[in-house]
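Colleague: Could you take me through this model and tell me how each label gets decided? I'm new to this, so please give me the cut-offs as well.

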Amino acid sequence: MTGRRGLDFAEPLIFERGSPGRRGTSTLASPLGTWDASREAPSEFLRRGPVGLPEVGEPEAFRHFVRLSRWNFAIDLGMYPLGSCTMKYNPKVNEAAARMPGFAELHPYAPESWTQGALRLLYELAHGLAELAGLHAVTLQPAAGAQGELTGLMIIRAAHIARGGARTRILIPDTAHGTNPASSALCGFEVVPLPTGGRGFVEASVVERAMDERVAAFMATNPNTLGLFESEIGRIAEIVHAKGGFVYCDGANMNALLGKVRPGDMGVDVMQYNLHKTFTTPHGGGGPGAGPVAVTKALEPFLPKPVVAKTGDVYRFEFDRPKSIGRMRSFCGNFGVLVRAFTYLREMGIDGLTRVAEMAVLNANYLRVNLRDDFQLAFDGPCMHEAVFSDKKQKASGATTMDIAKRLIDFGFHPPTIYFPLVVHGALMIEPTETETKETLDEFIAAMREIARECRESPDVVKGAPHHTALGRLDEVQAARRPVLRWKRECEEKPRPR
Amino acid sequence: MRMNVPEDRRYTTEHEWAALEDGVVTVGITDYAQEQLGEIVFVELPKEGDVIKKDETFGAVESTKTASDLYAPMSGKVIEVNDPLADSPGVVNEDPYEEGWMIRVEVSDEDEFEGLLTAAGYKKIIAEAAE
């Protein structure tokens, strides 16, 4: 077993550390004298008791967080095969670029003449992303994938209204990302779910029956959450366009398509990128994200404003865009994330990005073929960037997908996405990404096979996992039913290190 | 797999049960549904007086695994809601057909009941889903 044997410290909450009056820093007395809050603010806003902050010294505070970090898992520690999340390694050169003072210390209100380098970066990134999408123009404003979806849907709504006919419905396959129906509902649309066909993707005939003049758009995640390419997307786009609808592609799974397929060529009108997935910017708790949206020429006037324009050699913000849906995010979106994505784009080039797609798909298929005897595949046959299994072969043992996921932690791997997509009972959705070596993939396969063997021979080991973590299995049911959201000294409870 | 499907009521393909008595239908989710969901941590139900429509969502259940919409087996006006489920959603897991009922609805068209699945018809559907 390649599991952990490290030295983990039992660590209480920081509120339970320290001593009254202990401080980490000392500050000079203010030359302005003492400040009397009661003279500056109405009495109802004055605090009545102490704030109740932890009272610890700097080493104590530092050790506290470093110790907690050792209980955690990160992409810099090991393989993180969380399906549809594309948890790939983030190259450190991205960080070097984002920390350059000319980017990191730039004031967002600095005049355009002082910020030409930053504007050029935004302009060139937008053009690079448009080119990869096979679409005409890009907004970099959205702060995450789901905000990108909302932006795209608002653009679609504005375009229908400009044509003189508001539409009310969005067609969404049942293998789409969960954010797709959520974004549609937030934008005021009625969601019409479409069933997956027998081959794991939506059939054109299903769209044909559902498509009418009430439908604003067909919204698909491609490749879908079964890790399969929506193979009838071209025909579907024709059907949707013929009745005046638009085609939205959730580009969260672009890692499988980079340089190989351009969504614009499939008839897609709008798509969002998830730079924190495909373009190696920090992800999850390490965010923030970025969800640029690419659109066709016909939809360009509706993009959020401002956009960066270029006249001669000079870059500037263009605000005069009367059809724009307005601003989606202050300033230029998450600029530091955009610098990282641009660094990756330029570092890889089109040949490198094409290899990314090839290796991501090859790695997923390598896992699929090596694990299919031990775990039930949802759909047999070649997959794209991820493979979906289930716990069907383990049913008799009583061990479930949840147990298998927890047991993987003992082997030093982050669990995959579980119980999603919803169309597969007990789903285990595995996306290795291109950044894992064959050696790591082989270790992962060995761990999964070992767990399958344990399910057959000693299922209690699996059902009681994880065994090698600082804390054992957390009580997710109680956490959801009776969450304790505020720490109080009375209900002080020590963690139970193992 | 345990498959408790009482004969005294009707079912939907979305795993709700419906028991009709004197123009009032009581609605809940099936044993199969609660088992597939796993431990339920939250039940969202309509308010008394809300009007619900057959085949449209009237609420949602959340478990540690997933969240799932609830679909109305019949149309009508909600006259009673099983309020204790808000504090103890686990009752749906323990006793889906009795204590775990969700809403009572004054139905607008009793004929809709005949269109629902019988116990035998529903058993067939869950047997196929288990394939």
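Colleague: Which residue in β2(B) stands opposite B:Y11?

Modeller: B:Y11 stands opposite B:W17. This is a predicted model, where local features need pLDDT of at least 70 and side-chain atom pairs count only at pLDDT 80 or more, while totals for chains, interfaces and linings use all residues. Residues are numbered from 1 along each chain as its sequence is written, and chains are lettered from A and ligands numbered from 1 in the order in which they are written.

Colleague: What makes β1(B) and β2 of chain B a pair?

Modeller: Two strands pair if DSSP finds at least two bridges between them. β1(B) and β2(B), residues 16-21, have two bridges, in the antiparallel sense, so by that rule they pair. Strands themselves are DSSP runs of E with at least two residues, helices are runs of H or I with at least four, and both are numbered from the N terminus.

Colleague: Why are β1 and β5 of chain B called edge strands?

Modeller: Six strands of chain B form an open sheet in the order β1-β2-β3-β9-β8-β5, with antiparallel pairing. β1 (10-11) and β5 (51-52) each pair on one side only, and that makes them the edges.

Colleague: Which strands pair in the parallel sense with β4(A)?

Modeller: β2(A) does, over three bridges, with A:L171 opposite A:F218. β5(A) does too, over five bridges, and there A:A217 stands opposite A:F246. β4(A) is also mostly covered, as seven of its seven residues are buried.

Colleague: How do you know that a residue like A:M266 is buried?

Modeller: Count the other C-beta atoms, placed from the backbone, within 10 Å of its own: 20 or more is buried, 12 or fewer is exposed, and in between is partly exposed. A:M266 has 20 such neighbours, so it counts as buried. A:M266 lies in the loop between β5 and β6 (270-272) of chain A. Leaving out residues up to four places away in sequence, A:M266 touches A:I233, A:G234 and A:A237; touching, or being in contact, means C-beta atoms within 7 Å, again placed from the backbone. The C-alpha atoms of A:M266 and A:G234 are 5.0 Å apart, although 32 residues separate the two along the chain.

Colleague: Why are the buried residues of α7(A) said to be on the same side?

Modeller: In α7(A), residues 179-186, they are A:T179, A:N180, A:S183 and A:S184. They cover an arc of only 135 degrees around the axis, so they sit on the same side of α7(A). That arc is taken from the directions from the helix axis to the C-beta atoms. What covers them includes α6 (145-163) and β4 (215-221) of chain A.

Colleague: What makes a group of residues a nonpolar core?

Modeller: Its members are buried Ala, Val, Leu, Ile, Met, Phe, Trp, Tyr and Cys residues, joined through C-beta atoms within 7 Å. The largest core has 122 residues, and A:A341 is among those touching the most other members. Helix α11 (residues 335-371) of chain A gives the largest share, 15 residues.

Notes. Contact = placed C-beta atoms within 7 Å.
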